[in-house]
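Work through the exercises below with the sequence and the model open. Each task is followed by its solution in steps.

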Amino acid sequence: MTSTAQVNVNPKSFDDSDLVNRFPGGYWKHDIKDFVLLVNPYFPPRSFLDELKDALPRLIACYPSPHAQMVELVAEVVKIPASNLAVCNGVAELLPILLGRMGLKIAVPVPSFNPYETIALPGRLYRFILPPPDFELDVHHYAAFARANRVSGVVAISPNNPTSRMVRCEDLLCLASELRDRQQLLLLDESFIEFSEAGRSASLENHLFEFPNVIILKSLGKIYGTCGLRIGYAASANRELINQMRAALPPWNVNTCAEFFLSKLPHLDHEANESWARVRSDRDRLYKDLLGIDGMRVLKPDANFVFCELPSRWPDGDVIASKLLKDRRILIRHNGGKTLQNGKRFLRIASRTAEDNQLLVAALEGLCNGTW
């Protein structure tokens, strides 16, 4: 059973081209099938939603607990000492601190999550181009790039957004070790790792205290289906860095609904694991179905989304996205806004339920066969 409900608020009261191209968010107001936001459709369970409904009048009337207590809640969920954690209103809240206030000179593999590029200070961003067609991160070349440019640290996203490809844990350990020897940081975003086959067993959180130069960044909204609650955290063995981040955060940076959710999470571990398994199954079926479209090149996904290159005879992704939205009320994301050559030739498709995924594939096949 999916845990989200569609809210229809005058679906024709917006401009389709704006919805396709704008910064994502606010889609709950529109009558669409959203294949843009990367969220778990099978969590939270109905039992939690019922509890939240009953608690909502009290929650919205109260201030949330201060940061120190929020950290304790996250520590219970992720099994990392509270003193090694900073809790944020989504990972995006921490990036201006790390890349702006702390002024890191940073290397970023591209294509990647745009804010890692856009928030870096002028003259302090070094882009490391991931080579097509597979866009894999070669950690040895990346470490050499970091050394040559004398950066403060490097970013890695595993699984990567938008390519949905993991970096092997062994390779990340090697990268962390090389950077540690040169006193360079590794900012590792693992927001989608539970959707991979290896799951949390492949996380560098299992080696956190071996590498004081590693900061793990994690959004909880993706894996728990709660992007609207805006919960994330940073974890590091380096308490000085953690304390710097905490000092830069507002005292009440996480809301009471998020706090309530965190308080319930330790009791929902079984349901969470079941939901990740269902997401993996649906994603794998979506991957195979997309492979079946003539001329479509699809990377094997590790996250809850699929990255694909359009057949050469098809129009660009912005044209396809606009037509899907106008004719089918389906919203997809092309990659024209990424640091990626011919980005509009690539789609990043979020996996929804199996039924929704089949509707999307049928719509794309209809485009391919000229049956629209």
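**Exercise 1: a salt bridge**

Glu-194 is buried, with a relative accessible area of 2%; buried means under 20%, exposed over 50%, and partly exposed in between (1.4 Å probe, protein chains only). This is a predicted model, in which local features need pLDDT of at least 70 and side-chain atom pairs count only at pLDDT 80 or more, while totals for chains, interfaces and linings use all residues. Residues are numbered from 1 along each chain as its sequence is written, and side-chain values use heavy atoms, with hydrogens and water left out.

Task: which side chain meets that of Glu-194 in a salt bridge?

Step 1. A salt bridge requires a side-chain nitrogen of Lys or Arg within 4 Å of a carboxyl oxygen of Asp or Glu.
Step 2. The partner is Arg-200, at 2.7 Å from N to O.
Step 3. Arg-200 is partly exposed, at 34% relative accessible area.

**Exercise 2: a pair across loops**

Task: which parts of the chain does the pair Arg-313 and Asp-294 tie together?

Step 1. The closest N and O atoms of this salt bridge are 3.5 Å apart.
Step 2. Arg-313 lies in the loop between strand E10 (305–309) and helix H12 (317–328), and Asp-294 in the loop between H11 and strand E9 (297–298), so the pair joins parts 19 residues apart in sequence. Helices (H or I, at least four residues) and strands (E, at least two) are DSSP runs, numbered from the N terminus.
Step 3. Arg-313 is partly exposed at 48%, whereas Asp-294 is exposed at 53%.
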